[in-house]
Amino acid sequence: MGDHSHGSPNTSGTVATAGQGDEEKFQNPGLPPHRPRLADTHPRAEKRAERQVASLFIVSIIGTIVFFIGYFSIHLDDASIAELRLQNILLGLGTAFAMLGIGVGIVHWAKTLMPDHEVTEERHEIRPEEDRVIAEKIVGDIIEETGIKRRPLIRNTLLGAMVLAPLPAIAVFRDLGPLPGDTLRHTMWKTGTRLVRDPSGTAIKASDVTLGSAFHVIPDGLNDLPEHKLEEKAKAVVLLMRLNPEDLNPSPGREDWAVDGIVAYSKICTHVGCPVALYEQQTHHLLCPCHQSTFDVTQECKVIFGPAGHALPQLPIEVDAEGYLIAKDDFQEPVGPSYWERG
């Protein structure tokens, strides 16, 4: 039987070159030879690549200009469907070319004009002051390698493209409108505003509201607004109902917000803003048809089922000298869903 040796960790499976002793078992093959690019050896090719990069940056500038042509030349107030379609095309193409020109231009610049030598170096011990000097040198070398100092055509077109490219985003974010401030806290309701039927605008007397009835209500004057009628209606629309006064359970401070069992609540669901339009007079429940949030009118429209997070805001009402229902004041809290300052 032959003698088998398993070897030590230093000898198992390793073939050493004769005469090497403790030297490396394998020679480092090093980096592959560098293959110069056409732009590295031909000045005309270099200038052509430079012009191509600048042209791509100019494409980005033109894309931004196209965006603003579409943005400002077509007015949404009186635009036709064809004009809106054209605007969407200009906005989309303008934004695409603005971003694409910069991206492709930088990649083409790196591929054709920036140095492409592979470099390796040993890691040195950390010496803060020396490292800072080395880092500064590296940054300087990078700037020098990009050639941005000696290529003003690329530098200037890149600066122009980079300055213009963010402007479409600024314009789009501007269209989101100003911060709402306290505008969501206030509606058209104010002291003395009459409750009128939606949409006819007919004033409502307390005697018109019978037990178990429900009215869709808007503030008087809403139909006469010259503009922003829908926006104001979305905040101010109200449901008016009459219950047996004994069924109501007003909290302290709200005892005089109702008139002989007549109560008024915002019609805007506190979940996602759908109209709460279904009233069940036997159970005194209001139902939102979108996601089935249910509010109990006898409990100041508190949520008893569904995803809504808040009770419907109540509109305090009273009767004027002529017997018409009027508002005592505006809602005491913001209407609608997910208001960030709701108490």
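How many nonpolar, polar and charged residues does the lining of the second largest pocket have? By class, seven nonpolar, two polar and three charged residues make up this lining. The model is predicted, with local features requiring pLDDT of at least 70 and side-chain atom pairs counted only at pLDDT 80 or more, while totals for chains, interfaces and linings use all residues. Residues are numbered from 1 along each chain as its sequence is written, and side-chain values use heavy atoms, without hydrogens and water.

**View A. Aromatic pairs of Tyr71.** Four aromatic pairs are found in a search of the whole structure. One of them joins Phe67 and Tyr71, which are stacked at 5.9 Å centre to centre with 15 degrees between the planes (rings of Phe, Tyr and Trp, the last by its six-membered ring, pair if their centres lie within 6.5 Å; planes under 30 degrees apart are stacked, over 60 edge-to-face, the rest tilted). The ring centres of Tyr71 and Phe72 lie 4.9 Å apart with planes at 85 degrees, so this pair is edge-to-face.

**View B. Accessibility of Tyr71 and Phe72.** Tyr71 is buried, with a relative accessible area of 13%, whereas Phe72 is exposed, at 52% (buried is under 20% relative accessible area, exposed over 50%, partly exposed in between, with a 1.4 Å probe and protein chains only). Phe67 is also buried.

**View C. Lys205 and Tyr324.** The charged end of Lys205 sits over the ring of Tyr324, 5.2 Å from its centre (NZ of Lys or CZ of Arg within 6 Å of the ring centre and within 35 degrees of the ring normal).

Key: Nonpolar A, V, L, I, M, F, W, Y, C, P; charged D, E, K, R; others polar.
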